[in-house]
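Please find below a colleague's note on the structure.

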Amino acid sequence: MDIFDRDQENELLTEIAVAYYENAQTQEEIAKRFGISRIKVGRLLKKARTEGIVEINVKYHPIFSSKIEQQFVNAFGIKRALIAIDHQDEEEQRRQVASLVTNYLSSVLKNGMSIAVGQGRNVAAIASHIGVFPEKQCKFICGIGGTLRDGEFIDADHISRNLARKFNATSETLYAPAYVENRELKKAFLQNRVIKETLERARKADIALVGLGDMNDNSYMVQLGWFTPQEIINASINQGAIGEIAGYGFFDIQGRPVDTVMNDRVIGLSIEELKNIPCVIAIASENTKAMAILGALKSGVIDIIATSASNARTVLNLQQHK
């Protein structure tokens, strides 16, 4: 890229960053203004931070977090909002959010409770959080089948076992793959007594830990091979999907379910089944997920949201300007 092209790109990144961070325009509004996809807007905003065009360096007093939490409770009728301070490093941000969730679990888990466990990097970060935690006579149950990704242990079974070790509790495996090729194969797996009984226990859990995903063509599901990048783009542009709960439950900005090619191909708790669990904790640390958080909060599934301060402020701004 020559100097002229680089200058043009930096000018575009600056314009988009100003529109998003200073003028509080949504990614969808920016996409329409510049004639690009919302997914590309998200990538450009991320690049603006990487290139140093945008720097977020805010120190938050505990009172500030309490005020944001109260705004979330008032706006969305949820039980809690766990708000972590902002950090530019994505892994460190994930650890900050995970720390809040882990501490919350330590305070609310009681003997005899069961916890349905989802998949993904944000849920895995909770299990990996370092600390000394009280022993709990509870059970962690896989809420979705197994996945395989080289180099990362982010499937529900691995997470569930780690959480059980952390609290000196027990863990129950869902002996099925998370993803199958068609509806008939899923039905065949669900006829197995062990699989059916594990899912039934997961449905009756007291707490569920799930991740929230956005419609990113480099998302966790694309990396796993569940979706192609084009399928993600189609679900976003043609069907209005803006995020997903637990790795496959897609929804639009109003929180309404969206049909995708994943329907009837995942062995795990559905969005409707998650709604029946008394306390669903959703974790979304990445700063590209504000729209997904907003849609998830409107779905009626989420009881507690755990995210960063910048995400929280963006979500509240989006809700205010809806």
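The numbered points that follow concern a predicted model.

1. Helix α6 (residues 121–128) packs against helix α7 (residues 156–166) at an angle of about 25°, and their axes are 8 Å apart. Angles under 35 degrees count as roughly parallel, and α6 and α7 are therefore roughly parallel to each other. Their crossing is left-handed.

2. The α6 side of this contact consists of Val123, Ala124, Ile126, Ala127 and Ser128, which meet Ile159, Asn162, Leu163 and Lys166 of α7. Sorted by class, the contact of α6 with α7 has six nonpolar residues, two polar and one charged.

3. Strand β5 (residues 207–214) is largely enclosed by the rest of the structure, because eight of its eight residues are buried. In a regular strand the side chains alternate between the two faces of the sheet. In β5, Ile207, Leu209, Gly211 and Gly213 point one way, while Ala208, Val210, Leu212 and Asp214 point the other way. Residues of both sets are buried, Asp214 included.

4. Which strands pair with β5 in the parallel sense? Strand β2 (residues 114–117) runs parallel to β5 and is joined to it by three bridges; here Ala116 has Ala208 of β5 as its bridge partner. Strand β8 (residues 279–284) also pairs with β5 in the parallel sense, over five bridges, and Cys279 in β8 is the bridge partner of Ile207.

5. The pairing of β5 with strand β6 (residues 243–245) is antiparallel and has three bridges. Within this pairing, Glu244 in β6 is the bridge partner of Gly213.

Terms used:
Residues are numbered from 1 along each chain as its sequence is written. This is a predicted model: local features need pLDDT of at least 70, side-chain atom pairs count only at pLDDT 80 or more; totals for chains, interfaces and linings use all residues. Side-chain values use heavy atoms; hydrogens and water are left out. Axes are lines fitted to C-alpha atoms, for helices over the stretch in contact, and angles run from 0 to 180 degrees between N-to-C directions. Helices (H or I, at least four residues) and strands (E, at least two) are DSSP runs, numbered from the N terminus. Angles under 35 degrees count as roughly parallel, over 145 as roughly antiparallel, 65 to 115 as roughly perpendicular and the rest as oblique. A crossing is left-handed if the near helix is turned anticlockwise from the far one by less than a right angle, and right-handed if clockwise. Contact means heavy atoms within 4.5 Å. Ala, Val, Leu, Ile, Met, Phe, Trp, Tyr, Cys and Pro count as nonpolar, Asp, Glu, Lys and Arg as charged, and the others, Gly among them, as polar. Buried means under 20% relative accessible area, exposed over 50%, partly exposed in between (1.4 Å probe, protein chains only). Two strands pair if DSSP finds at least two bridges between them.
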